[in-house]
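User: I would like to learn how to read a few features of a protein model, one at a time. Could you give the general idea first and then the case at hand?

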Amino acid sequence: MVGMALTNTLERVPFRNADAFVAFTGFDPRANDSGNKIGRRRLSKRGPAELRRLLFNAAMAAAKSKAWKPIYAHYRAQGWSTTAALVIIARKIARAAWSIHHYHSTFDPERITKNA
């Protein structure tokens, strides 16, 4: 289901880059700053909620897989909450999906562990 939703979205809407796709899904941070005050960062939650839910569920499943488990463990060891670590993985899945679609390539687990 996740693959179908991602393919449908990526085919239907042309995105300039992976950041634009992440922003479309609503997994981009929204600042709450004013003057010298630096507020808390939260998800913008713009875009289709169903796609965001599917990506989050995919991240929950990916956190248990051989390719993504070290990344999840890395962020948990840094002190990120479970939800925050899963959101990071969901963003990475969205970026990987955009890259695979845009460059007509295949998934390479080596590339995701480089930047973790």
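User: Is F56 buried, exposed or partly exposed, and at what relative accessibility?

Analyst: Buried means under 20% relative accessible area and exposed over 50%, with partly exposed in between, using a 1.4 Å probe and protein chains only. At 22% relative accessibility, F56 therefore counts as partly exposed. This is a predicted model, in which local features need pLDDT of at least 70 and side-chain atom pairs count only at pLDDT 80 or more, while totals for chains, interfaces and linings use all residues. Residues are numbered from 1 along each chain as its sequence is written, and side-chain values use heavy atoms, with hydrogens and water left out.

User: Where does F56 sit, and which residues is F56 in contact with, leaving aside neighbours within four places in sequence?

Analyst: Helices (H or I, at least four residues) and strands (E, at least two) are DSSP runs numbered from the N terminus, and contact means heavy atoms within 4.5 Å. F56 is placed in helix α3, and, once its neighbours within four places in sequence are set aside, F56 is in contact with F27, T83, L86, V87 and A90. The C-alpha atoms of F56 and N36, in turn, are separated by 33 Å, although these residues are 20 apart along the chain.

User: How do α3 and α5 cross, and which residues meet there?

Analyst: Axes are lines fitted to C-alpha atoms, for helices over the stretch in contact, and angles run from 0 to 180 degrees between N-to-C directions. The axes of α3 (residues 49–62) and α5 come within 8 Å and cross at roughly 105°. Angles under 35 degrees count as roughly parallel, over 145 as roughly antiparallel, 65 to 115 as roughly perpendicular and the rest as oblique, and α3 is therefore roughly perpendicular to α5. On the α3 side the residues are L55, F56, A58, A59, M60 and A62, which meet T83, L86, V87, I89, A90, I93 and A94 in α5. For the classes, Ala, Val, Leu, Ile, Met, Phe, Trp, Tyr, Cys and Pro count as nonpolar, Asp, Glu, Lys and Arg as charged, and the others, Gly among them, as polar. The contact of α3 with α5 has 12 nonpolar residues, one polar and no charged ones.

User: What is the angle between α1 and α5, and which residues meet there?

Analyst: Helix α1 (residues 2–12) packs on helix α5 (residues 82–103) at an angle of about 55°, with the axes 11 Å apart, and the two are therefore oblique to each other. A crossing is left-handed if the near helix is turned anticlockwise from the far one by less than a right angle, and right-handed if clockwise; α1 passes α5 in a right-handed crossing. L6, L10 and E11 in α1 meet A97, W98 and H101 in α5, a contact with four nonpolar residues, one polar and one charged.

User: How many aromatic pairs does a search of the whole structure find?

Analyst: Rings of Phe, Tyr and Trp (its six-membered ring) pair if their centres lie within 6.5 Å, and planes under 30 degrees apart count as stacked, over 60 as edge-to-face and the rest as tilted. The search of the whole structure finds four such pairs. In one of them, the ring centres of F15 and F21 are 5.1 Å apart and the planes stand at 65°, so the pair is edge-to-face. W98 and Y103 also form an edge-to-face pair, at 6.0 Å centre to centre and with 85° between the planes. F15, F21 and F24 form one aromatic cluster.

User: Which residues other than glycine have a positive phi, and where do they lie?

Analyst: Most residues other than glycine have a negative phi. K45 has a phi near 55° and lies in the loop between β2 (42–43) and α3, where K45 counts as exposed at 56% relative accessibility. H104 has a positive phi of about 50°, lies in the loop between α5 and α6 (109–114), and is exposed at 71%.
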